[in-house]
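Visitor: I am new to this structure. Please show me how to read its features, one at a time.

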Amino acid sequence: MKLSIIVPVYNVEMYLLRCLTSLSNILCSEMEILCIDDGSTDSSWKICKEYARIDNRIKVFSQQNAGPMAARNRGLEEATGEYICFVDSD
């Protein structure tokens, strides 16, 4: 069983550290965290990339701003898990 957690990200630098720290603290090796940056103009992309260096379960993807549903759909395309859930970054 593998779990894919999809996190749409758009200009949430104030909340993103807490979100990714919380997800990283989940003790599950068969889990991936997919951060889909939806064209953020703040430091959200940088935060995602930094966390991906620390935790190899985190994968980051970037796209032009198309809204939260487009970010979720991109996450579904990239997910490899048997089970999928969504977590809002704020």
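Visitor: At what angle do α1 and α2 pack, and how far apart are their axes?

Guide: Start with the general idea. Two packed helices are described by the angle between their axes and the distance between the axes. Keep in mind that this is a predicted model. Here, α1 and α2 pack at about 20°, and their axes are 9 Å apart.

Visitor: Are α1 and α2 roughly parallel or roughly antiparallel?

Guide: Angles under 35 degrees count as roughly parallel. So α1 and α2 are roughly parallel to each other. Their crossing is right-handed.

Visitor: Which residues meet where α1 and α2 pack?

Guide: From α1 come E13, L16, L17, L20, T21 and S24. They meet S44, I47, C48 and Y51 of α2.

Visitor: Take E13. Is E13 buried, exposed or partly exposed?

Guide: E13 lies in helix α1. Its relative accessibility is 35%, so E13 counts as partly exposed. Leaving out residues up to four places away in sequence, E13 touches D42, S43, S44 and I47. E13 and T41 are 28 residues apart in sequence, yet 9.9 Å apart in space, C-alpha to C-alpha.

Visitor: Now the inside. Which residues of the largest nonpolar core touch the most other members?

Guide: The general idea comes before the case. In soluble globular proteins, nonpolar side chains tend to be buried together. The largest nonpolar core here has 16 residues. V7, V9, L16, I33 and C35 touch the most other members. At least two residues of this core come from each of β1 (3-9), α1 (13-24), β2 (31-38), α2 (44-54) and β3 (58-63). The largest share is that of α1, with four residues.

Visitor: What does C35 touch?

Guide: Set aside residues up to four places away in sequence. C35 then touches V7, V9, L20, C48, I58, K59, V60 and F61. There is also a second, separate core of six residues. Among its members are I6, L34, A71 and A79.

Visitor: I see cysteines in that list. How many disulfides does a search of the whole structure find?

Guide: A disulfide is a covalent bond between the sulfur atoms of two cysteines. The search finds zero disulfides. C48 is in none, and its nearest cysteine sulfur, that of C35, is 4.1 Å away. The cut-off for a disulfide is 2.5 Å between the sulfur atoms. C48 has 1% relative accessibility, so C48 counts as buried.

Visitor: Next, the loops. Where is N11, and what is its phi?

Guide: N11 sits in the loop between β1 and α1. Its phi is positive, about 50°, although N11 is not a glycine. With 30% relative accessibility, N11 counts as partly exposed.

Visitor: Last stop, N65. Which residues is N65 in contact with, beyond its neighbours within four places in sequence?

Guide: N65 is in contact with Y10, D38 and G39. N65 lies in the loop between β3 and α3 (68-78). Its relative accessible area is 48%, so N65 is partly exposed. N65 and K2 are 63 residues apart along the chain, and 29 Å separates their C-alpha atoms.

Methods. Residues numbered from 1 in each chain as written. Predicted model: local features only at pLDDT ≥ 70, side-chain atom pairs only at ≥ 80, totals over all residues. Heavy atoms only, no water. Core = buried A, V, L, I, M, F, W, Y, C linked by side-chain atoms within 4.5 Å. Buried < 20%, exposed > 50% of the residue type's maximum accessible area, 1.4 Å probe, protein only. Contact = heavy atoms within 4.5 Å. Axes fitted to C-alpha atoms, helices over the stretch in contact; angles between N-to-C directions. Parallel < 35°, antiparallel > 145°, perpendicular 65-115°, else oblique. Left-handed = near helix turned anticlockwise from the far one by under 90°.
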